[in-house]
Amino acid sequence: MLPDRHAMIAGLRQDLYDTWRAKHKNVRDERTARSSLIALYLLDFYAPGQKLAYDANGRPYFLDSAIDFNITHTGNMTFLAIAREEKTGDLPFPRVGLDAEDLSRIATVRICPMAARWFSKGEYDCFLSNPSDTTFLRFWTRKESLIKWTGHGLRSLREADTLQAGERYGVSFHEYREENALITLCLPIGAIPPEQIHMLSEEELSAMGLSADTPS
């Protein structure tokens, strides 16, 4: 099993934890907290020494760095995407967006009312042509990955029309399946996506100071 929250905190770089804690003071759920802490371990392993910060919309980024990243978690899995590109302006422009959803959770969601509320007209019409759980989640993860790419936050979810993402934002979507999760990566058109998601082994997690019975 993964270490408990207190053990994970003790093993983290102090400045990473302090920045995270200032932003997540109200996190009480153990699983949510541990998923976020796992993400900090991943960040420190794949981009060591970077200084974490959050923008006005709550999107995390690295200070004075050309490295962009995005994090998502669902169920017992935490995912990280990293893009190492030139930064634009004073802050790194969001260049990677990531979302994942546990397919088993869809049975508890009333997908038609949610689609009517959050999808654009074009997305909703496409959904109604094949109103399946998979169709709903494909649009949902694309929308979430797009707003994470733009950095505009959840308030822009309905306006984030994935059918016009290429024309409006110059991005495309790349879909993966891992265990029972649907994962969507949002990248600029022309960027080369990974062929597959790399699931960390127990040995790799141990090298980060973590260990687990299942990959994360």
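Student: How many aromatic pairs does the structure hold?
Tutor: This is a predicted model. Pairs are counted between rings of Phe, Tyr and Trp whose centres lie within 6.5 Å. By that cut-off, the number of aromatic pairs is nine.

Student: Is the pair of Tyr-17 and Trp-20 stacked, edge-to-face or tilted, and what is the angle of the planes?
Tutor: A pair of aromatic rings is described by the distance of the centres and the angle of the planes. For Tyr-17 and Trp-20 the centres are 5.9 Å apart and the planes are at 35°. Stacked needs under 30 degrees, and edge-to-face needs over 60. At 35°, the Tyr-17 and Trp-20 pair is therefore tilted.

Student: Which helix holds Tyr-17 and Trp-20?
Tutor: The two residues are three positions apart in the chain. That is about one turn of the helix. Both sit within residues 14–23, which is helix α2.

Student: Are Tyr-17 and Trp-20 buried or exposed?
Tutor: Buried means under 20% relative accessible area. Tyr-17 has 15%, and Trp-20 has 4%. Tyr-17 is buried, and Trp-20 is likewise buried.

Student: Is the pair of Phe-136 and Trp-140 stacked or edge-to-face?
Tutor: The ring centres of Phe-136 and Trp-140 lie 5.7 Å apart. Their planes are at 20°. Planes under 30 degrees apart count as stacked, so the Phe-136 and Trp-140 pair is stacked.

Student: Where do Phe-136 and Trp-140 lie?
Tutor: Phe-136 is buried, at 2% relative accessibility. Trp-140 is buried too, at 11%. They are four residues apart, about one turn, and both belong to residues 133–150, helix α6.

Student: Which residues form one aromatic cluster?
Tutor: Start from the stacked pair of Phe-136 and Trp-140. Both of these residues are in the cluster.

Student: How many disulfides does the rule give?
Tutor: Two sulfurs must lie within 2.5 Å to count. The cysteine sulfur nearest to that of Cys-112 belongs to Cys-126, 15 Å away. Cys-126 is in no disulfide either. The count of disulfides is zero.

Student: Are Cys-112 and Cys-126 buried or partly exposed?
Tutor: Buried would need a value under 20%. Cys-112 has a relative accessible area of 37%, and Cys-126 has 33%. Cys-112 is partly exposed, and Cys-126 is also partly exposed.

Student: Which element gives the largest share of the lining of the largest pocket?
Tutor: The largest pocket has a volume of about 1000 Å³. It is lined by 35 residues, and those closest to its centre are His-24, Ile-71, Thr-72, His-73 and Lys-148. Elements giving two or more residues include α2, β3 and α6. The largest share, seven residues, comes from α3.

Student: How many charged residues are in the lining of the largest pocket?
Tutor: Sort the lining by class. There are 13 nonpolar and 13 polar residues. The charged residues number nine.

Student: Which element gives the largest share of the lining of the second largest pocket?
Tutor: The second largest pocket has a volume of about 540 Å³. Its lining has 24 residues, with Leu-80, Ala-81, Ile-82, Pro-194 and His-198 nearest the centre. Elements giving two or more residues are α3, β4 and β7. Seven residues, the largest share, come from β4.

Student: How many nonpolar residues are in the lining of the second largest pocket?
Tutor: Four lining residues are polar. Two are charged. The nonpolar residues number 18.

Methods
Residues numbered from 1 in each chain as written. Predicted model: local features only at pLDDT ≥ 70, side-chain atom pairs only at ≥ 80, totals over all residues. Heavy atoms only, no water. Buried < 20%, exposed > 50% of the residue type's maximum accessible area, 1.4 Å probe, protein only. Phe/Tyr/Trp six-rings, centres within 6.5 Å; stacked < 30°, edge-to-face > 60°. 1 Å grid on protein atoms, 1.4 Å probe; cavity = no way out; pocket = protein on both sides within 12 Å on 5 of 7 lines; lining within 4 Å. Points joined across faces, edges and corners; volume = space filled by probe spheres on them. Nonpolar A, V, L, I, M, F, W, Y, C, P; charged D, E, K, R; others polar.
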